[in-house]
Amino acid sequence: MLFTLKKFVGGLLMPLPLVLIIMALALILLWFTRWQKSGKTLFALSWLILLLISLQPVADRLLLPLEKQYATYQGNDPVDYIVVLGGGYTFNPNWAPSANLFANSLPRVTEGIRLYRAHPNAKLVFTGGAAPHNQSSAKTAAQVAESLGVPAEDIIALDQPKDTIEEAAAVANLVGDKPFLLVTSANHLPRAMNFFVAKGLNPIPAPANQLAITTPLQSWERAIPAAVYLGHSERSWYETLGLMWQKLTANKNDE
């Protein structure tokens, strides 16, 4: 119940729902009250915020500080485990396996497989519990890895954890104090590293799914608002809120 409440409240605090709530409040003021000036100000402010966070230069500038903390892993030190954290997914057995993984999940899995190819003696570990009426995120990711040629005997699915802190606890029971590669989205990795290090583990950061664009773009791509860049702003805001909450609850998480 608490997990569901946390996700619901967190979802309402995301940029798009929050801006829409402010717009709704502005419309209520304009239609049903005498506070016309306040309504106009709120509506103009929410429109401007929505515009700015949908522009590539703004969105990626917000996201880049999170993503640049860890570089793509290019090392070759031997490891026994490659841990790939779960993300968004669904499960439809009639779809191609990879179609069941959302945009933040599939790049994690493919990066995990790339690292597995470079460390063929390692076990590929997937984490993530089950959504309602679905098989687990871990098992779904494992099926994608198998479909791409990873032997089933080299895959471990930890399908009980519901969030990152539970994933850290489950991985601790598996790997002990051995170094391992920790694969997750680049924007999520700073928070994930904090959780895993707090458990006394020795993760080696291996970011995937970098989103913030630093290479040249056409001028119109930078000037026209787009849903994809709104998504980048959302990831930045989500992880920033997560890091703030992590700091506030640090003592509790360490217990």
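Q: Phenylalanine 180 and phenylalanine 196: buried or exposed?
A: Both phenylalanine 180 and phenylalanine 196 are buried. Buried means under 20% relative accessible area, exposed means over 50%, and partly exposed is in between, using a 1.4 Å probe and protein chains only.

Q: Where do these values come from?
A: This is a predicted model, where local features need pLDDT of at least 70 and side-chain atom pairs count only at pLDDT 80 or more, while totals for chains, interfaces and linings use all residues. Residues are numbered from 1 along each chain as its sequence is written, and side-chain values use heavy atoms, with hydrogens and water left out.

Q: Okay, how many aromatic pairs are there?
A: There are two aromatic pairs, with rings of Phe, Tyr and Trp (its six-membered ring) pairing if their centres lie within 6.5 Å; planes under 30 degrees apart count as stacked, over 60 as edge-to-face and the rest as tilted. In one, the ring centres of tryptophan 31 and phenylalanine 32 are 6.3 Å apart with planes at 85°, so the pair is edge-to-face. Tryptophan 31 and phenylalanine 32 are both exposed.

Q: And why is the pair of phenylalanine 180 and phenylalanine 196 called tilted?
A: Their ring planes are at 55°, with centres 6.0 Å apart, so the pair is tilted. The pair links distant parts of the chain, with phenylalanine 180 in strand 4 (residues 179-185) and phenylalanine 196 in helix 8, 16 residues apart. Helices (H or I, at least four residues) and strands (E, at least two) are DSSP runs, numbered from the N terminus.

Q: Switching to charges, how many salt bridges does the structure hold?
A: Six salt bridges, each being a side-chain nitrogen of Lys or Arg within 4 Å of a carboxyl oxygen of Asp or Glu. One of them joins lysine 123 and aspartate 154, with the closest N and O atoms 3.4 Å apart. Lysine 123 sits in strand 2 (residues 123-127) and aspartate 154 in the loop between helix 6 (137-147) and strand 3 (155-158), 31 residues apart.

Q: How accessible are lysine 123 and aspartate 154?
A: Lysine 123 is partly exposed at 29% relative accessible area, whereas aspartate 154 is buried at 14%.

Q: What does glutamate 239 meet in a salt bridge?
A: Its side chain meets that of arginine 191, at 2.8 Å from N to O. Glutamate 239 lies in helix 10 (residues 227-248) and arginine 191 in helix 8 (residues 189-198), so the pair ties together parts that are 48 residues apart in sequence. Glutamate 239 is buried, at 0% relative accessible area, and arginine 191 is buried at 11%. Salt bridges that share partners join Arg191, Arg235 and Glu239 into one network.

Q: Now helix 3: how many residues does helix 3 have?
A: Helix 3 (residues 36-53) has 18 residues and reaches 26 Å from its first C-alpha to its last, close to the 26 Å expected at 1.5 Å a residue. The expected span is 1.5 Å times one less than the number of residues.

Q: Which residues of helix 3 are buried?
A: Gly39, Ser46 and Ile53 are buried. Seen down the axis of helix 3, the buried residues fall within an arc of 85°, so they line one face of the helix; that arc is taken from the directions from the helix axis to the C-beta atoms.

Q: What do those buried residues of helix 3 pack against?
A: They pack against helix 2 (15-32), helix 4 (56-67) and helix 10, where contact means heavy atoms within 4.5 Å. The face of helix 3 turned away from its buried side carries the exposed residues Lys37 and Lys40.
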